[in-house]
Amino acid sequence: MPRLSDEDIKSLITNDEVFAISIDTAVFDGKQKTFQNSVLQRLDQFHQRDVRVVFVDIIAEEMKAHLRDDAIETQRALKKALRAHNKRWRREAPNGEAADLMIDADATAFSEAEFEGFRQHVNGDEIAAGEIPDGIQKVFQRYFAEKPPFGAADKRKSEFPDAFALLRLEAFADEEGRKLICVSPDNGWLDFASQSDHLICVPRLEDALALFNAADQHVADAIVERWRQSEGGDFIEDISRAFEYRLDDLDFDIDGHADILFEAEPLSAALQYVLPDKIGPPTIIAVDGETVTFTARVDALVGFEAQFSFYVTDSIDRDDVSLGSEETYVERTLPFELTITADRSLEDGPVFHEVEVAKKRFEVDFGYVEAFPNEDPTHEKY
């Protein structure tokens, strides 16, 4: 069907014309490939709304494969780092270390268990992509006709899983005689839904959840407005703790330049403050009798510290010769996405119960880094 306005979709939801919701792999990837993401977890609300959460098996397998590949990559990186560390320090790995660190754990079994735990948490159902009458024929017809989700681009061969998933969701909704909301930022999904009588595609999961919670949007708006105007309160500590937890885990990329060659390593990141005038409008994703949960984009000033190790390359044997290192500190304002669960009541000001800062990798520009800022220029070093 033609792309609908938010008001049209809300009307369909209110009139009980939407019976299910499903997500694309791109949504999972956008949530840092973890089923523990707080926004993904809020798909659990649909069980109480009598709206089904469905996963097409081919999409479920893609999500599990992406998680598995990331898990294997971290195992590989850890093995490499431990080998170098043990060699440099002449260290013998203690018995059981590999098991404790999950270095040799089965990444496939891990991803299977993670998905199954998530599916049970959200009361999700898995449906088979193969259960489409004449499915293969329909997919190939779309492929050669360059119809959504296929396009004219060279990469269209990679759209076969999407084609099977979308045709299965369309058939599923047709059987039910109602509408199904699928969530994906992919243009192929959006274009397919725009030509479907049964599918409605929403690019962001947060926006899809907000359509079901629109009646309480004013509550989240009021909470954020009080937050912008407030100069203190216990909720400020909740925000700071959430940032501290996330920044302790932040492995940022480093940009910068110096007069000589260098390698740079992140050392730390610490919140200075959130800019009150840069707190974005809330997107409400869940409600209950006592609380509301919403996401909001904020800009925060963060202090970053990195170590720059300088070296030159020997022109004869091409070895790198260390020249020492310097620790450098900069402050940068960066965007963050927060998920907040707060009291509905504002009688005592904003009361935040849970605050999560979404994981995101950043590149931090340290600008020009002076190699030896404290060196005595009269001292002959070489």
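Hi everyone. The model is predicted, so local features need pLDDT of at least 70 and side-chain atom pairs count only at pLDDT 80 or more, while totals for chains, interfaces and linings use all residues. Residues are numbered from 1 along each chain as its sequence is written, and side-chain values use heavy atoms, with hydrogens and water left out.

Let's start with the pockets. Rolling a probe the size of a water molecule over the atoms shows where empty space is left. Here, a pocket is an open set of points on a 1 Å grid over the protein atoms alone, where a 1.4 Å probe fits, with protein on both sides within 12 Å along at least five of seven lines. Lining residues have an atom within 4 Å of a point. A volume is the space filled by probe spheres set on the points, which are joined across faces, edges and corners.

The largest pocket has a volume of about 650 Å³. It is lined by 18 residues, and the closest to its centre are Gln-32, Asp-70, Thr-74, Asp-249 and Lys-359. Which element gives the largest share of this lining? That is helix 5, with five residues. Helices here are DSSP runs (H or I, at least four residues), strands are E runs of at least two, and both are numbered from the N terminus. By type, the lining has four nonpolar, three polar and eleven charged residues. Asp, Glu, Lys and Arg count as charged; Ala, Val, Leu, Ile, Met, Phe, Trp, Tyr, Cys and Pro as nonpolar; and the others, Gly among them, as polar.

The second largest pocket has a volume of about 390 Å³. Its 24 lining residues include Gly-30, Lys-31, Gln-32, Glu-206 and Glu-337, which lie nearest its centre. Strand 10 gives the largest share, four residues.

Now the rings. The structure holds 15 aromatic pairs: rings of Phe, Tyr and Trp (its six-membered ring) with centres within 6.5 Å, called stacked under 30 degrees between planes, edge-to-face over 60 and tilted for the rest. Phe-19 and Phe-172 make a tilted pair, 5.4 Å centre to centre with 50° between the planes. These two sit 153 residues apart, in strand 1 and helix 9.

Phe-19 and Phe-172 are both buried, meaning under 20% relative accessible area, where exposed is over 50% and partly exposed is in between (1.4 Å probe, protein chains only).

Finally, ring pairs link Phe-252, Phe-262, Phe-304, Phe-308, Phe-310 and Phe-366 into a cluster.
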